[in-house]
Amino acid sequence: MVLGHETAAVVVQVGSTVTNIKVGDRVAIEPGRSCRVCSECKSGHYNRCAGMVFAATPPHSGQSLPSSSSSCSTCAPERI
Ligand SMILES: [Zn+2]
């Protein structure tokens, strides 16, 4: 099992449709991963998703890896 419930990272790559973060941004990563297709997710209330799973909560691994991918919708860029 990989640890890392609440993690931070530096963005090294983004998809062509990503607008909220860019390469080089330091981000905090939401530990919860929603289904992104239910009515709660589609209405912006992903925290109410019945299919939510959390990083580093068995049987799901955490995010403390040298390199991993994450949804850009759950990454919060650092603001100074
Ligand atoms: Zn959902």
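**Fold, confidence and local backbone features of the predicted chain**

The mean pLDDT of the predicted model is 85, and 89% of the residues reach 70 or more. Where pLDDT is low, the predicted coordinates should not be read in detail.

The chain contains 5 strands and 1 helix. Their order from the N terminus is β-β-β-α-β-β. Of the 80 residues, 9% are buried. Among contacts with a separation of 6 or more, 47% link residues 24 or more positions apart.

Strand β1 (residues 7-10) runs antiparallel to β2 (residues 26-29), and 4 bridges join the two. Within this pair, Val10 is bridged to Arg26 of β2. Strand β5 (residues 75-77) also pairs with β2 in the antiparallel sense, over 3 bridges. Here the bridge partner of Val27 is Pro77 in β5. In a regular strand the side chains alternate between the two faces of the sheet.

The loop between β3 (32-33) and α1 (39-42) holds Cys35. Cys35 has 14 C-beta neighbours inside 10 Å and therefore counts as partly exposed. Beyond its neighbours within four places in sequence, Cys35 contacts Cys41, Cys49 and Gly51. The C-alpha atoms of Cys35 and Ala50 are 8.2 Å apart, although 15 residues separate the two along the chain.

Arg36 is found in the loop between β3 and α1 as well. Its phi is near 70°, a positive value in a residue other than glycine. Arg36 is partly exposed, because 13 C-beta neighbours lie inside 10 Å. Most residues other than glycine have a negative phi, and most peptide bonds are trans.

The loop between β4 and β5 includes Ala56. Phi of Ala56 is near 60°, again positive in a residue other than glycine. With 17 other C-beta atoms within 10 Å, Ala56 is partly exposed. Pro59 lies in the loop between β4 (53-54) and β5. The peptide bond from Pro58 to Pro59 is cis, and its omega is near 10°.

How values were computed. Residues are numbered from 1 along each chain as its sequence is written. A residue is buried if 20 or more other C-beta atoms lie within 10 Å of its own, exposed if 12 or fewer, and partly exposed in between; C-beta atoms are placed from the backbone. Two residues are in contact if their C-beta atoms, placed from the backbone, lie within 7 Å. Two strands pair if DSSP finds at least two bridges between them. pLDDT is the predictor's confidence in each residue, from 0 to 100.
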